[in-house]
Each structure stands twice: as structure tokens, then as C-alpha cells.
Amino acid sequence: MEDCVFCKIASGKIPAAKVYEDSNVMAFLDIMPANKGHCLIVPKKHYETLLEVPDEDLSLLIKTAKKVAKALSLSVGNGAFNLVMNNGKEAGQLVSHAHLHVIPRFKSDRLRLKWSHQKYMENEMKEFQEKIKKFL
Ligand code: AMP
Ligand code: ZN
């Protein structure tokens, strides 16, 4: 993954403002934060999206997100944060190396992560329910 910016950070080829690191996971400040303190939680191995991350790595990733969220709450934040993961281009994923965003939230911030709501037509909800259930 020569061109991957997060692989370059993992191998030390480019710097990052790391706040945590162990043998599997690193956490560093997002260079263009949604709010100051915004951290990225990144597996050191290259996986493109959530669907590729093995369960063992995933549990390490989410545990690290919790640790970082706690540290953010005790330092720059106040206990409110969003945990976000963009998977795929259409979902807004810009860096194709799986990562979680932990974004501290403040009363007066202008960040908008809310979406507009759609409605199901008659029976459509049931159809979607059945379609999805077949694969679970
Ligand atoms: P996403 O849209 O979920 O792929 O988010 C990618 C995030 O990575 C963006 O918020 C970028 O600001 C951030 N980012 C890109 N390059 C770097 C870098 N070298 N160091 C820290 N954050 C970065
Ligand atoms: Zn990578």
C-alpha cells in the first residue's frame, strides 16, 4: 500500500500528531478537524473498509476509540462526542484505509452530522427487513 497516507504514518514515513499507539492500533489528530481534538483511530495494517477488518482487530479498534473518547472528555472535551466511520466513496471515505473518527462536541459548535429523513411506502419496510434478514 505504497500510496496510502495512513500506511505511511504507520511505518513512520510521514509524521502525525499521535496521542496513542500500540502494536496494532494508532490514534492521532485529524489534520483538518471537524472540531479541535478530533482524533482518528487507525489499524496499523491496511484494510479498506469495516468489512475487511478482522473481528480481532475490530475489537482492538473500538476499545481504542473508547479510550481516546474518554481521554478527550477529560481533556479538551466535556463527555459529548461522535464516533463516525465512513465506508466507501459514496459514504464520504476519502482515505481508503479503515479508520474511526472520534469528534468531541461542544454546545456551541456548528458541526452538523444530522441527516434528513425519508419515508417508507406501504409494505416497503417489510421488504427491506426481509431482504436484509436473508443475509444474517
Ligand atoms: P474519511 O473521509 O473518513 O476518509 O476521513 C479521512 C480523514 O483523514 C480526513 O478527516 C482528513 O482530514 C484526515 N487526514 C488525511 N490525511 C491526514 C494526515 N496526514 N494526518 C492526519 N489526518 C489526515
Ligand atoms: Zn493503508
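The secondary structure of the chain consists of 3 helices and 5 strands. Helices (H or I, at least four residues) and strands (E, at least two) are DSSP runs, numbered from the N terminus. Read from the N terminus, the order of the elements is α-β-β-β-α-β-β-α. The model is predicted: local features need pLDDT of at least 70, side-chain atom pairs count only at pLDDT 80 or more, and totals for chains, interfaces and linings use all residues. Residues are numbered from 1 along each chain as its sequence is written, chains are lettered from A and ligands numbered from 1 in the order in which they are written, and side-chain values use heavy atoms, with hydrogens and water left out.

Along the principal axes, the C-alpha atoms of the chain fill a box of roughly 55 × 40 × 25 Å. The chain has 136 residues, and 29% of them count as buried. Buried means under 20% relative accessible area, exposed over 50%, and partly exposed in between (1.4 Å probe, protein chains only).

Ligand 1 sits in the largest pocket. A molecule sits in a pocket if more than half of its atoms lie within 2 Å of its grid points. Helix H1 (5–10) and strand E2 (25–29) are the elements that give two or more residues to the shell around ligand 1. The largest share, 3 residues, comes from H1.

In total, 16 residues surround ligand 1. A residue is counted here if one of its heavy atoms lies within 4 Å of the ligand. The closest are Asp-30, Gly-92, Leu-94, His-99 and His-101. By class, the shell holds 10 nonpolar, 5 polar and 1 charged residues. Ala, Val, Leu, Ile, Met, Phe, Trp, Tyr, Cys and Pro count as nonpolar, Asp, Glu, Lys and Arg as charged, and the others, Gly among them, as polar.

Several polar atoms face the ligand. An N or O atom in the side chain of Asp-30 is 2.5 Å from an oxygen atom of ligand 1. A polar side-chain atom of His-101 lies 2.8 Å from an oxygen atom of ligand 1. At Ile-31, a polar backbone atom is 3.1 Å from a nitrogen atom of the ligand. Taken alone, ligand 1 exposes 510 Å², and the protein buries 86% of that. Accessible areas come from the Shrake-Rupley method with a 1.4 Å probe; for residues, only the protein chains shown count as cover.

Two loop residues make contacts within the protein. Arg-105 lies in the loop between strand E5 (100–104) and helix H3 (124–133). Arg-105 is buried, because its relative accessible area is 17%. Its side chain joins that of Asp-109 in a polar contact of 2.9 Å. A polar contact is a pair of N or O atoms within 3.5 Å; within protein, one must be able to donate a hydrogen and the other to accept it, and residues adjacent in sequence count only if both atoms are side-chain atoms. A polar atom of the Arg-105 side chain also lies 2.9 Å from the backbone oxygen of Leu-111. Asn-35 is in the loop between E2 and strand E3 (39–43). With a relative accessible area of 12%, Asn-35 is buried. Its side chain reaches the backbone oxygen of Pro-104 at 2.8 Å.

Asn-123 is found in the loop between E5 and H3. Asn-123 counts as exposed, because its relative accessibility is 57%. Asn-123 is not a glycine, yet has a positive phi of about 70°.

Note on methods
On a 1 Å grid over the protein atoms alone, a cavity is a set of points where a 1.4 Å probe fits but cannot get out, and a pocket is an open set with protein on both sides within 12 Å along at least five of seven lines; lining residues have an atom within 4 Å of a point.
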